[in-house]
Amino acid sequence: MEEMLDEIIDISIIVPFLNDEGIVVELYFRLNNVISRLNKEWEIIFVDNGSDDRTLLLLKELREKDEHIKIVRLIKNFGENAAIMAGFSQAKGRVIITIAGDMTERPEDIPCLLGMIDNGYDVASGYRVNVKQSIADRIADKTANWLIFKMTGMRIEGYKCRLRAYRRSIINLLKQCRERSQSIPHLVCWLGAKTIEVELDAGDKDTGESSSLQKKEKPYAAIKSAISLISNLGVTPIKVICWAGAWMGGLGIVASVFFIVSGLFVDYCGLNIGLGIVLVVLSMQLLGGALIGGYIARIYTQIQQRPYYIIEEVIE
């Protein structure tokens with residue numbers, strides 16, 4: 001459907017929720033306090049991603065008091081990216097802002113991102129600094145960022161931060177991408193959007209009691225997410241496995257010749273070394289098989305053509 005000019009407003013804010021009843025009201029008041037000072041037309045789109053607690057009830061109570069609120073209810077939990085895309089489908093803003101619904105990001109930083117959009121950028125993405133992390137978390141994040149950059153050439157330090165501002169034109173392009181597993185910041189980068197990352201303080205002290213409700217991500221999840229993202233953006237991992245397989249095959253030939261020749265002059269058993277090389281080669285084969293299987297699974301999921309999300313109702 002083509003957009004009518006009189007339907008477009010200045011700002012849309014999209015907030016996905018999943019069982020966040022302890023945060024909903026506080027986050028709304030903080031968002032309202034920030035956005036109402038900007039002297040612009042605005043709306044807040046709360047996306048209920050299949051919550052089974054009082055989240056939806058609280059959202060409806062807020063909607064009765066504030067006509068700026070729109071509620072998008074999904075029939076089940078489709079994942080955070082799908083919830084954000086559902087919000088994009090309903091947004092009317094010239095600038096569309098996303099923010100996490102778990103209070104891990106500060107609504108007070110929104111004006112900073114809007115300033116970057118006013119300066120000519122297509123996308124302004126938050127990059128949280130001074131985040132309290134364990135050593136394992138820091139190592140996992142650094143490893144994930146390194147893998148993504150080496151495999152895709154895209155360096156996005158704050159790809160895990162959901163606080164971002166987009167021009168509407170970029171969102172319209174993004175909605176044309178049909179991948180089932182989407183990484184919104186990397187797809188935006190692939191689209192050639194003029195992007196800037198803005199360092200933002202984590203602001204843990206400002207979240208108060210809500211901080212205990214923030215979702216804890218295990219360290220290995222960052223690396224797992226990076227591998228999934230890399231395989232979703234191209235076939236570079238398969239090329240790497242092919243080159244590694246070729247090198248390992250060459251090493252195996254060299255090692256075999258070495259053991260045969262050295263066995264003619266030295267009385268020793270190279271079984272242990274040879275077995276080690278065989279195990280390395282087999283592990284590479286298993287890794288390659290698993291990777292190819294992952295690509296085939298993505299193809300299978302894609303050709304099913306199931307919707308990325310299903311909206312049960314929109315309350316406005």
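Trainee: What makes the link between the side chains of S12 and E43 a polar contact?

Mentor: Their separation is 2.6 Å, and a polar contact is a pair of N or O atoms within 3.5 Å; within protein, one must be able to donate a hydrogen and the other to accept it, and residues adjacent in sequence count only if both atoms are side-chain atoms. Keep in mind that this is a predicted model, where local features need pLDDT of at least 70, side-chain atom pairs count only at pLDDT 80 or more, and totals for chains, interfaces and linings use all residues. Side-chain values use heavy atoms, without hydrogens and water, and residues are numbered from 1 along each chain as its sequence is written.

Trainee: Why is S12 called buried?

Mentor: Buried means under 20% relative accessible area, exposed over 50%, partly exposed in between (1.4 Å probe, protein chains only). S12 has 0% relative accessibility, so it counts as buried.

Trainee: Which residues does S12 touch, leaving aside its neighbours within four places in sequence?

Mentor: Its contacts (heavy atoms within 4.5 Å) include E43, A91, G93 and I96. The C-alpha atoms of S12 and I96 are separated by 4.8 Å, although the two residues are 84 residues apart along the chain.

Trainee: And T55, is that buried or exposed?

Mentor: Buried, because its relative accessibility is 0%. Leaving aside neighbours within four places in sequence, T55 is in contact with residues including F17, D20, V24 and D48.

Trainee: How confident is the predictor over the chain?

Mentor: The pLDDT, its confidence in each residue from 0 to 100, averages 76, and 58% of the residues score at least 70. Over residues 204–215 the pLDDT is below 50.
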